[in-house]
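Here is a brief tour for a first look. Keep the sequence and the 3D view side by side as you read.

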Amino acid sequence: SIGSVASGFGGAVLQSGGALTVNDMVITGSTCVFTSSVAVGNGTLNLLRTSISGNTCNNVSGIYLQDSNAVLLDSTLSNNTGSSGDAIRTDASNGNNTLTLNNVTISGNTTSTDNSAVRLQPQAGRSISFTATNSTISGNSTSGPGKGAIWVNGVGTHTIVLHSTIVSGNTVNGVANDFEGTVDAAQSEFN
């Protein structure tokens with residue numbers, strides 16, 4: 001799939017409201033000036049056996065979730081680029097979000113600022129729950145001023161739970177930086 005958008009959201013896929021299910025797809029080569037190859041607002045994303053790779057967007061290169069929940073299963077986000085092009089960003093402004101990864105690989109994504117893999121943005125009075133199981137977040141990099149591969153950037157609350165998940169080998173300016181946030185150690189295991 002190749003998409004291009006000059007402004008706004010969703011270089012390849014844009015969903016506003018309702019549920020979006022993406023199965024057995026390759027989303028590659030999409031470009032956008034603003035936000036993400038796949039954008040979902042006020043809805044739900046279910047992504048199964050799908051690759052999102054080689055996309056270029058200035059602000060979020062892979063998946064953008066605005067007040068939305070998502071489940072990703074047996075999927076890969078790799079080699080996406082952007083100036084602030086984290087692979088997945090979830091923003092809770094008007095609701096509480098959940099992001100669940102199961103057997104997902106996030107690798108080789110690059111940005112020049114901010115962070116490269118997963119950004120959680122819970123706004124005031126909102127929360128985001130992020131759970132990753134049997135997943136790998138590795139080899140993502142930010143070349144300029146930035147944060148860890150997993151970054152909590154908001155004044156709301158968050159929960160990060162990792163089960164049998166590797167978060168390692170991510171860098172900012174060549175220096176190891178995997179987390180900017182707090183992992184719930186009581187609920188996490190076998191990492």
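## Contacts of Ser53

Ser53 touches Ile27, Thr28, Gly29, Ser78 and Asn80, leaving aside residues up to four places away in sequence. The model is a predicted one.

Where does Ser53 lie? Ser53 belongs to strand S6, which covers residues 51–53. Is Ser53 buried or exposed? Ser53 has a relative accessible area of 15%, so Ser53 is buried, given that buried means under 20%.

## Strand S5 and its cover

Now turn to another strand. S5 spans residues 38–48. Strand S5 is mostly covered. Eight of its eleven residues are buried.

## Partners of S5

Begin with S2. This strand takes in residues 13–23. Ten bridges join S2 to S5, and the two run parallel. To find this pairing in the view, look for Val13, which stands opposite Val38 in S5.

Next comes S8, made up of residues 63–66. Four bridges link S5 with S8. These strands also run parallel. Here Val40 stands opposite Leu65 in S8.

Then there is S9, which holds residues 69–78. How many bridges pair S5 with S9? The answer is five, in the parallel sense. Leu45 has Ala70 in S9 as its bridge partner.

## Putting it together

S5 pairs in parallel with S2, with S8 and with S9. Ser53, in strand S6, is buried, and its contacts include Ser78. Residue 78 also falls within the range of S9, residues 69–78.

Definitions and conventions. Residues are numbered from 1 along each chain as its sequence is written. This is a predicted model: local features need pLDDT of at least 70, side-chain atom pairs count only at pLDDT 80 or more; totals for chains, interfaces and linings use all residues. Side-chain values use heavy atoms; hydrogens and water are left out. Buried means under 20% relative accessible area, exposed over 50%, partly exposed in between (1.4 Å probe, protein chains only). Contact means heavy atoms within 4.5 Å. Two strands pair if DSSP finds at least two bridges between them.
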